[in-house]
Number of protein chains: 2
Amino acid sequence: MTDQTVPTTAAGEAATARGEQTRQLILETAMRLFRERGYARTTMRAIATEAGVAVGNAYYYFQSKEHLIQEFYARTQAEHRTAAQPVLDRESDFAARLAGVLHAGIDVLTPSHEFAASFFKTAAEPTSPLSPFSAESSGPREAAIGLYAEVLTGSTAKVDAELRPQLPELLWLAYMGVVLFWVYDRSPGQARTRQLIDGAVPLVDRLVKVSRLRVLRPVTQQVVSLIHTLRH
Amino acid sequence: MTDQTVPTTAAGEAATARGEQTRQLILETAMRLFRERGYARTTMRAIATEAGVAVGNAYYYFQSKEHLIQEFYARTQAEHRTAAQPVLDRESDFAARLAGVLHAGIDVLTPSHEFAASFFKTAAEPTSPLSPFSAESSGPREAAIGLYAEVLTGSTAKVDAELRPQLPELLWLAYMGVVLFWVYDRSPGQARTRQLIDGAVPLVDRLVKVSRLRVLRPVTQQVVSLIHTLRH
DNA sequence: GAACCATCTTGAACACGTTCAAGTTCTGTC
DNA sequence: GACAGAACTTGAACGTGTTCAAGATGGTTC
């Protein structure tokens with residue numbers, strides 16, 4: 001919904017009203033066909049035909065078939081944020097906030113499970129612009145990490161001072177792990193993923209709270225130091 | 001009506017002398033070209049030409065280009081096992097065994113880093129036969145899990161009785177995590193991955209040993225129960 | 001040897017993602 | 001209105017993985 005993103009077309013950067021309309025048309029058609037038939041079974045020719053344009057025209061607006069998915073990321077992230085808002089407003093307990101936000105993320109993803117699984121391979125490639133770790137994905141990624149920062153700041157949880165700054169990114173990583181599990185989850189309605197969240201959140205909660213105990217200080221520091229090392 | 005289990009097709013277990021020779025030739029050629037040019041830039045036509053056979057012939061022995069990689073798995077796993085043997089013979093401390101085996105795994109993978117990254121996307125797709133979780137990969141997977149069972153059984157570590165049976169698979173999962181990190185690792189010589197291993201192993205060691213403490217019994221049980229739930 | 005049949009081999013053909021030189025439409029300027 | 005250039009659009013053509021009907025090969029049986 002929010003058109004605040006800077007449009008990056010294949011040819012240039014400037015998006016005029018004329019082109020924007022076609023761009024949106026192609027995008028909507030693509031998203032619809034992806035949902036209907038899956039990613040692999042939707043051909044660029046089909047997208048172009050259904051949208052009533054030439055194949056080459058789709059490539060004028062999108063660098064590749066994969067780049068059509070970039071939009072999916074942005075939308076999903078925005079929806080996740082929206083879906084998480086009530087939880088953030090309502091809950092103050094860390095575990096409740098975390099579980100709520102994680103569930104909201106899966107809620108938003110659920111209608112796209114098949115589609116997501118089929119293009120996941122693309123996102124998984126380290127050099128792909130679609131990788132959640134890539135520079136191109138930094139927008140949605142930063143937004144997502146910000147969401148987990150809110151999970152933390154709005155909660156009453158007391159966290160070890162050294163661990164705290166690292167925690168949002170760690171929680172986002174955990175979310176990536178949940179998404180990874182979800183992609184592979186073949187249980188009906190991805191019920192397992194829900195169980196994973198419900199089972200893992202209390203453990204994370206426990207770990208986070210226990211990080212302040214004097215006895216475990218060395219361990220906490222060990223963890224923080226490892227993170228620092230790995231990050232450079 | 002009798003055992004007409006014909007099918008040498010690609011599944012390729014019935015190996016007559018005639019066919020096996022061609023199969024090996026194609027395989028060696030493919031592996032060489034993959035290493036030389038990378039996965040994506042090696043075409044099936046190039047493999048066939050270099051091997052001196054027709055394109056279709058390659059497809060007689062291998063279901064797809066991806067399936068050529070299956071062999072890479074099997075070989076890597078076998079090499080891993082071999083490389084890990086000295087460590088298993090020498091060490092009895094759990095942490096030392098685990099670190100040694102993990103490092104051995106990365107040792108074996110190192111020459112293929114570029115190649116591995118380029119086909120990783122393929123392996124990441126849930127429905128791919130190359131997925132480490134797929135039925136087709138069960139051979140190498142079971143072997144790998146067995147390796148981590150040895151890490152445990154040969155060690156002097158005392159582990160919670162309920163956790164113990166789950167541990168080999170968990171350690172293998174951790175190894176998958178390390179490999180995931182390694183694929184994304186752009187540091188020279190993948191030095192970060194080494195740091196990850198050296199940093200994470202003591203933590204795992206600590207966790208495993210601490211699992212027996214009476215105070216933490218509930219947590220351990222919570223973890224074990226979560227694993228059970230997720231596995232069905 | 002001849003006939004049979006499973007095994008193996010071939011290469012043209014297909015569908016796909018992608019490119020690009022060539023066209024068309026729009027917008028601003030005089 | 002005429003012109004220039006940018007923005008947009010086209011569809012044939014390329015290289016790719018993959019398929020398949022047709023043919024070749026070699027062992028087995030009589």
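## Packing of helices α8 and α9 in chain A

In this predicted model, helix α8 (residues 167-184) of chain A and helix α9 (residues 191-210) of chain A have axes that come within 10 Å and cross at roughly 160°. Since angles over 145 degrees count as roughly antiparallel, α8(A) and α9(A) are therefore roughly antiparallel to each other. Their crossing is right-handed.

On the α8(A) side, the contact is made by L167(A), L171(A), V178(A), F181(A) and W182(A). These residues meet R192(A), T193(A), L196(A), I197(A), V204(A) and V208(A) of α9(A).

## Overall architecture of chain A

Chain A has 10 helices and 0 strands, and its elements accordingly run α-α-α-α-α-α-α-α-α-α from the N terminus on. The C-alpha trace of chain A spans about 65 × 40 × 30 Å along its principal axes.

Of the 232 residues of chain A, 47% count as buried. Among contacts in chain A between residues at least 6 apart in sequence, 69% join residues that are at least 24 apart.

T29(A) is located in helix α1 (residues 17-37) of chain A. With a relative accessible area of 5%, T29(A) falls under the 20% limit and is therefore buried. Leaving aside residues up to four places away in sequence, T29(A) touches I47(A), E50(A) and A51(A).

R41(A) belongs to the loop between α1 and α2 (44-51) of chain A. Its relative accessible area is 68%, which is over 50%, so R41(A) is exposed. The C-alpha atom of R41(A) is separated by 49 Å from that of V210(A), a residue 169 residues away along the chain.

## Helix α6 of chain B

Helix α6 (residues 113-124) of chain B has 12 residues, which at 1.5 Å a residue should span 16 Å. The C-alpha atoms at the ends of α6(B) are 16 Å apart, in agreement with that expectation.

α6(B) is mostly covered, with 10 of its 12 residues buried. The buried residues of α6(B) are H113(B), F115(B), A116(B), A117(B), F119(B), F120(B), K121(B), T122(B), A123(B) and A124(B).

Methods: Residues numbered from 1 in each chain as written. Chains lettered and ligands numbered in written order. Predicted model: local features only at pLDDT ≥ 70, side-chain atom pairs only at ≥ 80, totals over all residues. Heavy atoms only, no water. Axes fitted to C-alpha atoms, helices over the stretch in contact; angles between N-to-C directions. Helix = DSSP H or I, 4+ residues; strand = E, 2+ residues; numbered from the N terminus. Parallel < 35°, antiparallel > 145°, perpendicular 65-115°, else oblique. Left-handed = near helix turned anticlockwise from the far one by under 90°. Contact = heavy atoms within 4.5 Å. Expected span 1.5 Å × (residues − 1). Buried < 20%, exposed > 50% of the residue type's maximum accessible area, 1.4 Å probe, protein only.
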